[in-house]
Amino acid sequence: MDQTKRPLRIPPEFATYSERHGIFELYKRLMEQLLLTKPDDPIPFLIDLLKRDNDDVPQVIILGPPASGKHTIGKMVCNRLRTAHLTLKTLILEASNDLKRKAEDFVRKKEAIPTALWLQIIKERLKLFDCVKKGWVLEGFPQTRDQAMALQAEGIYPKHFVILDAPDTVLIERAAGKRVDPKTGDVYHVTFDWPNNPEVESRLEEVTGNPEEEIIEQLIVYHRHIDGIMSSFEPVQKVINADQPKADVFSQVMTFLQSQPRSAAPHNPRIVLLGPTGSGKGVQAALLANKYNIVNVSCGQLVKQAIEDETKMGTAMKPYVSKNMMVPDALILSLLKDRLSQLDCVSRGWVIHGYPSTREQAEQLSGAGFIPNRVFFLDVPNDSVVERLTLRATDLITGDRYHMMYNPPRTQEVKDRLEVHPKDTDDAVRKRLSGYHAYVEEIADYYVDGQHINADQDPHTVFECIESMVVNPLPKHL
C-alpha cells in the first residue's frame, strides 16, 4: 500500500492472498486454541500450532439409534477418508492402562462410565498422531446433552455432525436379523445385507440375549436424550434417512462431509461467467450485480466505451473493431487491469463476462493478480442456442425486441417491420459456437474448481443455482 497517496487503496492482490491462505481462519483458530488451552507461555504454543502442516482434517461425529447403521457407515467413511475410527469399545481398548482399568471396572459392574472419565479417554486419543494428521470419526458419543456440553467445554467440536434416523419399527426388524462377524466386528443382516464371501458367512454369529427387548429399551433411552444432543450441535448437523440402501446413505453422508460452513471472513465475490453465445451471461451478471452490489464488468462494453471516449487505449483498439478483427490480448488485459484495480471493484467485488475466451487469457488474468474465486460455465446445447438467437428480431421503430417462439409480435404490421441482426443469422451463430467449443475444454482444465450450470432453463432458476454457490463455500474435495 502506498501511504503517500490519498485515498489509501488496498492492493487487489491482498484479498486474493488472504483468501487463498485462509488468513482470517488462521487468526480465528489461533485465538480459539489460546482461549481453550490457556498455555503458560503462549508464544511457543502458537509457534507449534503454526508448524502443523495441515489443520483442515475431517472431524466427524456419527450418532443414531441402535441398528441405524452407525458402525457400518462410520467404517465406510473412515476407509474413504483414511481417518481414525473411534468407537466406544476401541476408545477403552486403546486408552492408557490407568484409564482403561477404571473404564473396565465400570463396565464389569454394569455401571455407566462417568462423563469426566470419557473426556479423559477421548482427549488422550485425539492427541495421537493419526487423529491430528488424518482426522477422526467418533461413533456413538455423546449419549447425553451433558456429555455434549462437556465435549464443547474441552474444545472438542466436530466439523460435521451426522445423525442417522429411521422409524423404530424398521430398527426393531433390523435388530432381529442382525449378525456379527466376530473377527472383524462388521455387522450384517439376514435380509438386507448378507455377505457374499462364504468364509465370512460361515463365521457370523447371532446377537446374544433378546434383541427385540433390548433394542426397545435402548430406543427409549435414545429418544429421551437425542433432542438435547441435537440442540448442542445444530450449526454443523445433518439428519440423514437411514431407511434406505447403505450405498445411498453413504453417498448422502459423503456429500454432507464435502460441504463447508460459511466463514465470517470478509468476502468480495470475484466471479467469471463463461458460456457460449446466447447462454445468458449478461443476464446473470446483471442479476448478480443488482442483488449483491458488485461491479458488472462486460469486456465488450469496456472496449466500446474506450473507443467512444477516444482514450489512448480506445484509439489503439478502434482499427481492430472497425475491421471486425480480434483485439490483441495485451490491449484487452490492460483495459481490464485498469477497471478491476479501481476502488469499487476492489471494495465490492466484480463479475466478468465475455472474458477469458482462451486458456492463455485466463492465465494472463491470473498472472495480473485477478484470480476469480467463483467460475461458472453456463452450459446450453447448441440447438437451444440457435433457437434462442436466430428467432429473435428487433422493431426498428420502437426498439422493442421479440422472439418468434417465446415473445412473438402481436400484430402483422409489427412483424413485417422486424429485422434480424447480422450476428443472429444461422451461420454467424454456429461460427461463434465453434469458436467457443474450440477453447472451452482448455479453460475448464485451467479453472479446476469451475462449476457447470445447466443454463437451458428459466433465467431466474439459473440465477438461484449460481447464487447458492456464490453465498456458500464450494464443496471441498475429500
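Q: Where is Gln33 found, and what makes that stretch a helix?
A: Gln33 is found in helix α2, residues 23-37. Helices are DSSP runs of H or I with at least four residues; strands are runs of E with at least two, and both are numbered from the N terminus. The model is a predicted one: local features need pLDDT of at least 70, side-chain atom pairs count only at pLDDT 80 or more, and totals for chains, interfaces and linings use all residues. Residues are numbered from 1 along each chain as its sequence is written, and side-chain values use heavy atoms, with hydrogens and water left out.

Q: Why does Gln33 count as partly exposed?
A: Its relative accessibility is 26%. Buried means under 20% relative accessible area, exposed means over 50%, and partly exposed lies in between (1.4 Å probe, protein chains only). Gln33 therefore counts as partly exposed.

Q: Which residues is Gln33 in contact with, leaving aside its neighbours within four places in sequence?
A: They are Lys38, Phe45 and Leu49. Contact means heavy atoms within 4.5 Å. Gln33 and Leu49 are 16 residues apart in sequence, and their C-alpha atoms are 8.9 Å apart.

Q: What is the strand order in the open sheet that contains β1, and how is it paired?
A: The order is β2-β3-β1-β4-β8, and the pairing is parallel. Two strands pair if DSSP finds at least two bridges between them.

Q: What makes β2 and β8 edge strands?
A: Each pairs on one side only: β2 (84-86) and β8 (237-241).

Q: How do you know that β1 and β4 pair?
A: β1 (residues 59-63) and β4 (residues 160-165) share 4 bridges, in the parallel sense. The definition asks for at least two. Val60 has His160 in β4 as its bridge partner.

Q: Why is the pair Phe161 and Phe233 called stacked?
A: The ring centres are 4.5 Å apart and the planes stand at 10°. Rings of Phe, Tyr and Trp (its six-membered ring) pair if their centres lie within 6.5 Å; planes under 30 degrees apart count as stacked, over 60 as edge-to-face, the rest as tilted. So Phe161 and Phe233 are stacked. Phe161 sits in strand β4, and Phe233 in the loop between α12 (211-232) and β8, 72 residues apart. Both Phe161 and Phe233 are buried.

Q: Why is the pair Tyr446 and Tyr447 called edge-to-face?
A: Their ring centres are 5.2 Å apart, and their planes stand at 70°, so the pair is edge-to-face.

Q: How do you know that the span of helix α22 agrees with its number of residues?
A: The expected span is 1.5 Å times one less than the number of residues. For the 21 residues of α22 (residues 426-446) that should be 30 Å, and the end C-alpha atoms are 31 Å apart, which agrees.

Q: Which residues of α22 are buried, and what do they pack against?
A: Val429, Leu433, Tyr436, Val440 and Ile443 are buried. They pack against β9 (270-274), α19 (359-367), β12 (374-379) and α20 (382-390).

Q: How do you know that β12 and β16 pair?
A: They share 4 bridges, in the parallel sense, and the definition asks for at least two. Asp379 stands opposite Asn454 in β16.
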